[in-house]
Amino acid sequence: LVVTARETNQKAIGIHQQLTEVSQSLIESIVEPILYDLRDEFINREGVSDIIYVPYARPFILNASFSALNSEEEAQLFSEKCRVTIHKLKRIGDIDLGDGLKLTRDGKVLRNNEEVKEPSTLSYAVFKALVSRAKKSVVIIEYPEEYQTEESKKEILEEIIRLSERGNTVYVVTADKEVLNTLAERINNSS
């Protein structure tokens, strides 16, 4: 029996990766219940009605929400917060998002009753659907400018400002300086 150094290294790398995955799963199974308890405590203490997470890759999240993925496949593909968002989208049902835009209970986005597939509109529809009922909520929005044209980016920024004006606490994760400057200027001047 001859074993090369390459074969030994490949086995060691494979075992290391398996151990990493097991330890990560173990840590997640211990930490997640604690985080949920903290979330509930935070909601009760601060008088917040909900915590709404609006992830990046919204067109992909929309497709996953209405796909045939089972819960095990979802767990392999998405973080816990994305899975919560996926299930929230499934529960929304038919919703009128304004300006002729609708999200149907089967995950289609319609504009004036015609299906739309362009990523900017899908992203905007998911954003609007998730925040449509936000009241005294903490809203976390990742990369609102994702897939947006300059015009549609302005619509999203206006919606974020309205969210803040309606008494929601809004956190925005972005690398777009224009988005940051616009929100900082408009929200600070309206407060």
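In these legends, contact means that heavy atoms lie within 4.5 Å. This is a predicted model, in which local features need pLDDT of at least 70 and side-chain atom pairs count only at pLDDT 80 or more, while totals for chains, interfaces and linings use all residues. Residues are numbered from 1 along each chain as its sequence is written, and side-chain values use heavy atoms, with hydrogens and water left out.

View 1. Arg83 lies in helix α4, residues 80–92, where helices (H or I, at least four residues) and strands (E, at least two) are DSSP runs numbered from the N terminus. Not counting residues up to four places away in sequence, Arg83 touches Glu74, Ala75 and Phe78. Arg83 has a relative accessible area of 17% and is therefore buried (under 20% relative accessible area, with exposed being over 50% and partly exposed in between, for a 1.4 Å probe and protein chains only). Its side chain makes a polar contact with the side chain of Glu80 at 2.4 Å; a polar contact is a pair of N or O atoms within 3.5 Å, and within protein one must be able to donate a hydrogen and the other to accept it, residues adjacent in sequence counting only if both atoms are side-chain atoms.

View 2. Lys153, which lies in helix α6 (residues 150–165), is buried, with a relative accessible area of 8%. The side chains of Lys153 and Asp176 make a polar contact at 2.9 Å. When neighbours within four places in sequence are left aside, Lys153 is in contact with Glu145, Gln148, Asp176, Glu178 and Val179.

**View 3. Crossing of helices α2 and α5.** The axes of α2 (residues 58–65) and α5 (residues 119–131) come within 8 Å and cross at roughly 70°; axes are lines fitted to C-alpha atoms, for helices over the stretch in contact, and angles run from 0 to 180 degrees between N-to-C directions. The two helices α2 and α5 are therefore roughly perpendicular to each other, a term that covers 65 to 115 degrees. On the α2 side the contact is made by Arg58, Pro59 and Leu62, and on the α5 side by Pro119, Leu122, Ser123, Val126 and Phe127.

**View 4. Leu103 and its contacts.** Apart from neighbours within four places in sequence, Leu103 is in contact with Leu62, Leu89, Gly93, Asp94, Ile95, Leu97, Lys108, Val109 and Ala129.

Methods. Parallel < 35°, antiparallel > 145°, perpendicular 65-115°, else oblique.
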